[in-house]
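Have the sequence and the 3D view ready as you read.

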Amino acid sequence: MKHDVKRKTDQQLKVMADAPRGPSCTRKAKHSSCCMITAKGDIHDKADKRTSHNGSLLQQPSKEDMHRRPGLFFWTKHFVCGVRAHQDVYLNDLPGNDFNTIFRSLPRFLGNLKNEIGSGFGPCFFFTGTPGSFYDRLFATESLHFVHSSYSLHFLSKVPEGIESNKRNIYMASTSPPCVVKAYYDQFQTDFSMFLKYRSQELVTGGRMVLTLLGRRSNDPTSKECCYIWELLAMALSDMVSEGFVEEEKLNSFNIPKYTPCPAELKTEVEKEGSFAIDRLEVSEVNWNANDDKLCPSDELKDGGYNVAKCMRAVAEPILASHFGKTIMDEVFRRYREIIADRMSKERTEYVGFVIYFTKYL
Ligand SMILES: C[S@@+](CC[C@H](N)C(=O)[O-])C[C@H]1O[C@@H](n2cnc3c(N)ncnc32)[C@H](O)[C@@H]1O
């Protein structure tokens with residue numbers, strides 16, 4: 001039997017969200033007036049309008065929206081406030097993730113939520129951890145009403161095969177051979193189509209999904225907006241090869257399992273899978289240094305090189321350390337910080353972020 005999300009507001013709602021990274025995640029999240037999906041409204045009407053989707057899906061956010069980086073708790077809070085029903089919330093990450101840190105941060109999150117919206121929502125949240133890859137099946141058929149993934153879907157399930165010729169690069173770069181660029185795109189297509197297929201099986205008809213991920217505006221997958229930050233890391237590693245701290249072969253055989261798609265590539269996969277309508281796609285530019293808009297930053301936060309290298313270290317260190325070994329990590333990131341600081345002082349440095357709103361209509 002198909003479920004009607006509207007009717008479900010008085011019943012149990014099941015939400016899947018990828019897990020925040022503990023306290024640092026809440027610190028990064030900033031509240032915004034950005035529209036949030038609720039289960040209200042006639043979703044079937046919206047789904048029927050899917051054929052009229054065109055360039056207007058790509059929306060430039062207002063100036064105030066720039067530099068915002070809403071995290072999981074932001075979306076959870078707004079979904080929760082909109083629905084006001086008993087909810088099961090499943091927090092997903094890979095099995096190696098530190099779920100204890102996440103669970104430890106929940107009482108504070110719920111306490112803050114209570115302070116903000118009052119105690120009216122009652123004891124209606126039931127959080128569960130779901131370890132596993134979101135490129136696999138995670139939940140029972142038609143058991144979810146809302147899915148959110150926060151800044152995770154640009155990670156591929158694995159390093160693409162057949163990219164041995166990507167020498168001295170650690171990601172796609174302007175010097176990468178065409179076969180490397182194609183292998184990355186093929187892996188993105190395989191992974192993202194799996195994500196859509198499995199979430200489609202798990203969501204009820206009319207269910208909603210909000211995905212935030214890093215992307216790119218340009219059609220060129222090697223454009224600076226998505227590759228530059230990794231080219232600078234490759235530069236730090238390359239310097240260490242030249243100085244004999246790292247074997248050249250080690251660098252040549254290392255690649256980051258990541259892909260930042262452009263809107264057209266995302267839309268192609270959504271259309272191929274066929275059960276989701278994209279209601280809206282927002283694009284925003286986010287400064288590499290998340291603290292650049294602080295009025296009175298501390299001395300430490302004023303140092304963009306420090307901030308960005310630290311943030312990139314949180315993302316890349318586990319992958320780098322498993323390939324190059326832990327012992328050189330401090331030196332890699334010391335050099336990376338210097339290179340980033342130098343570039344940030346000379347040019348505009350921004351990521352491109354997407355927020356995409358979906359309805360499952362089939
Ligand atoms: C940059 S962190 C984002 C964490 C958090 N969602 C946030 O918004 O701050 C990326 C997270 O994605 C997780 N991840 C990467 N690939 C995954 C996969 N295939 N399935 C589930 N989680 C994955 C990583 O373990 C990591 O916790």
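This is a predicted model: local features need pLDDT of at least 70, side-chain atom pairs count only at pLDDT 80 or more; totals for chains, interfaces and linings use all residues.

Residues are numbered from 1 along each chain as its sequence is written. Helices (H or I, at least four residues) and strands (E, at least two) are DSSP runs, numbered from the N terminus.

**A helix with a bend**

Helix H4 covers residues 99-117. Its 19 residues, at 1.5 Å a residue, should span 27 Å, and the end C-alpha atoms are 27 Å apart, so the two values agree. The expected span is 1.5 Å times one less than the number of residues. Where does H4 bend? The bend, about 30°, is at Leu106, and Pro107 follows within four residues. A bend is the angle between axes fitted to the seven residues ending at a residue and the seven starting there. Just after H4, Gly118 has a positive phi of about 85°.

Axes are lines fitted to C-alpha atoms, for helices over the stretch in contact, and angles run from 0 to 180 degrees between N-to-C directions.

| Pair | Axis distance | Angle |
|---|---|---|
| H10 (residues 304-324) and H11 (residues 329-346) | within 9 Å | roughly 140° |
| H6 (residues 224-242) and H11 | 9 Å | about 130° |
| H5 (residues 178-202) and H8 (residues 263-273) | within 10 Å | roughly 45° |

Those angles make H10 oblique to H11, H6 oblique to H11 and H5 oblique to H8. Angles under 35 degrees count as roughly parallel, over 145 as roughly antiparallel, 65 to 115 as roughly perpendicular and the rest as oblique.

Which residues bring the helices together? Two residues are in contact if their C-beta atoms, placed from the backbone, lie within 7 Å. Between H10 and H11, the contact residues include Tyr306 and Met312 in H10 and Phe333 and Tyr336 in H11. This contact divides into 13 nonpolar, 2 polar and 4 charged residues. Ala, Val, Leu, Ile, Met, Phe, Trp, Tyr, Cys and Pro count as nonpolar, Asp, Glu, Lys and Arg as charged, and the others, Gly among them, as polar.

Tyr336 of H11 also takes part in the contact with H6, where Leu232 and Met240 are among the H6 residues. By class, the contact of H6 with H11 has 10 nonpolar, no polar and 3 charged residues.

The contact of H5 with H8 has 3 nonpolar, 3 polar and 4 charged residues.
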